[in-house]
Amino acid sequence: MSTSTQPKAKQTHGVDMAAHEEFLAYAEANPEAVQFELSAVGTDEGRVLHTRTQTQSYSLGGQEFDRVARGYTHHFGGHKEVEDAVGFVDPTDREEAIEVALAALTACINGSVSLSAVQAGVDIDEIETTVTVDFDPSVFLGIEEARNAEGTPVNMYGDLRVDIQVSGDDLDDDVLDHVREWVSRSPVYNLMTLGHEAPPQVSQKSDQAN
């Protein structure tokens, strides 16, 4: 049996640092190669609030990647108590879309902080992020108009409250300041807190049945 004399790659929290630094150099030199197009499709299930959502193939650097294993499916709906209160027949309990969006934000913040920490050589043992928001359903329920007198959309939410707890040795105030800054690197944080145009394109679905 032969043993390899090849030195082991330096790994930090599951990242091969040499390979990572090589990728960063490539991405900086070839920005067009690391551009994404991401999408998901939601199909109404014939009952108010109930939607089957599935992630789609994605494009990276102009190349499409489509694997059956990436077609993650979610069945969205409402809280059982809410469905019961608003008069739904046979109320159920499903993933609630707002809560899932908040969950996605916590994951993206954790990912951005952990990656930034690895790049900066900061050893963080654990990151726990909690995101909370107040929601007024009046517009959703049709009790209030979706736009105000000036024609701008009515804000249904209070401010997002983001609480991040980190643990590890030698985490001083400077590190905590860095963590606050690293949150801004989160793509989902960017999506949810900055303005992005999203005009809906509405068309009639063609009947493909023969």
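**Labels and their cut-offs**

Trainee: Why is Asp-90 called exposed?

Mentor: Its relative accessibility is 61%. Exposed means over 50%, buried means under 20%, and partly exposed lies in between (1.4 Å probe, protein chains only).

Trainee: What rules apply to the model as a whole?

Mentor: It is a predicted model, so local features need pLDDT of at least 70 and side-chain atom pairs pLDDT 80 or more, while totals for chains, interfaces and linings use all residues. Residues are numbered from 1 along each chain as its sequence is written, and side-chain values use heavy atoms, without hydrogens or water.

Trainee: Where is Asp-90 found, and what is its phi?

Mentor: Asp-90 is in the loop between helix H2 (80-85) and strand S9 (95-96). Its phi is near 50 degrees, which is positive in a residue other than glycine. Most residues other than glycine have a negative phi.

Trainee: What makes Leu-49 another case to look at?

Mentor: Leu-49 is not a glycine, yet its phi is positive, about 80 degrees. It is in the loop between strand S4 (40-44) and strand S5 (51-55). Its relative accessible area is 31%, so Leu-49 is partly exposed.

Trainee: How many helices and strands does the protein have?

Mentor: Five helices and 11 strands. Both are DSSP runs numbered from the N terminus: helices are H or I with at least four residues, strands are E with at least two.

Trainee: How do you know whether the protein is compact or spread out?

Mentor: Set its radius of gyration, 22 Å, against the 17 Å from the globule rule for 210 residues. The radius is taken over C-alpha atoms, and the rule is 2.2 Å times the number of residues to the power 0.38. The value is well over the rule, so the protein is more spread out than a compact globule. Its C-alpha trace spans about 70 × 55 × 40 Å along the principal axes.

Trainee: How much of the protein is buried?

Mentor: 17% of the 210 residues count as buried. The protein exposes about 15,900 Å², with carbon and sulfur atoms supplying 50% of it. That area comes from the Shrake-Rupley method with a 1.4 Å probe.

Trainee: How do you know which side chains count as charged, and how many are there?

Mentor: Lys and Arg count as positive, Asp and Glu as negative; His and the chain ends are left out. That gives 13 positive and 38 negative side chains, and the centres of the two sets lie 7 Å apart. Each charge is placed at NZ of Lys, CZ of Arg, CG of Asp or CD of Glu.

Trainee: How does the span of helix H3 (residues 97-120) compare with the expected value?

Mentor: H3 has 24 residues and reaches 34 Å from its first C-alpha to its last, close to the expected 34 Å. The expected span is 1.5 Å times one less than the number of residues.

Trainee: Which residues of H3 are buried, and what do they pack against?

Mentor: Among them are Leu-102, Leu-105, Ile-109, Val-113 and Ala-117. The partners of the buried residues include helix H1 (17-29), strand S10 (126-132) and helix H4 (173-182). An α-helix has 3.6 residues a turn, so residues three or four places apart point the same way.

Trainee: Why is Val-133 called buried?

Mentor: Its relative accessible area is 16%, so Val-133 falls in the buried class. Val-133 is in the loop between S10 and S11. Beyond four places in sequence, it touches Leu-102, Tyr-157, Gly-158, Asp-159, Leu-160 and Arg-161. A contact means heavy atoms within 4.5 Å.

Trainee: What makes Thr-130 partly exposed?

Mentor: Thr-130 has 39% relative accessibility, so it sits in the middle class. Its place is in strand S10. Leaving aside neighbours within four places, Thr-130 is in contact with Arg-161, Val-162 and Asp-163.

Trainee: Which class takes Gln-204?

Mentor: Exposed, at 78% relative accessible area. Gln-204 lies in the segment after H5. Its C-alpha is 37 Å from that of Thr-132, 72 residues away along the chain.
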